[in-house]
Amino acid sequence: MGAEPIPLWRVYLSIVLPMLRPLLVTCIVLIAIAVVKSYDLVVAMTGGGPGYASDLPGKFVVDFAFERANIGQASAAAAVMLGSVLTVLAPYLYLELSRRDR
């Protein structure tokens with residue numbers, strides 16, 4: 001009467017994913033930074049067109065701030081971008097910092 005084998009999903013949930021968490025968060029942060037910094041690539045390759053096909057958050061902010069002189073909407077969009085990044089990072093940082101205090 002040996003012990004029952006541990007289900008594979010439990011191994012992934014308890015061992016593999018916690019070990020990969022720092023890597024996954026790093027990848028998500030780097031991808032988010034690349035999206036924000038992709039303004040120059042989009043403008044150089046497509047000129048921002050056709051229509052809204054190549055519109056990205058960073059391009060949206062720069063267009064409203066400098067081309068349309070709508071500082072209010074540009075700063076609101078930048079604040080939403082910052083809020084979305086903080087929404088993803090805050091729980092992770094909270095868990096990591098509380099884990100180190102134990």
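In helix 3, which spans residues 57-67, the buried residues are Gly 58, Lys 59, Val 61, Asp 63, Phe 64 and Ala 65. Buried here means under 20% relative accessible area, exposed means over 50%, and partly exposed is what falls in between (1.4 Å probe, protein chains only). Helices are DSSP runs of H or I with at least four residues, strands are runs of E with at least two, and both are numbered from the N terminus. The model is a predicted one, so to speak of local features takes pLDDT of at least 70 and side-chain atom pairs count only at pLDDT 80 or more, while totals for chains, interfaces and linings use all residues. Residues are numbered from 1 along each chain as its sequence is written, and side-chain values use heavy atoms, with hydrogens and water left out.

Now for the rings. Rings of Phe, Tyr and Trp (its six-membered ring) pair if their centres lie within 6.5 Å, with planes under 30 degrees apart called stacked, over 60 edge-to-face and the rest tilted. That rule gives one aromatic pair: Phe 60 and Phe 64, tilted, at 4.5 Å centre to centre and 45° between the planes. The two sit four residues apart in helix 3, so about one helical turn separates them. Phe 60 is partly exposed at 26% relative accessible area, whereas Phe 64 is buried at 10%.

Phe 64 also has the charged end of Arg 68 over its ring, 4.4 Å from the centre (the rule asks for NZ of Lys or CZ of Arg within 6 Å of the ring centre and within 35 degrees of the ring normal). Just after helix 3, Ala 69 takes a positive phi of about 55°.
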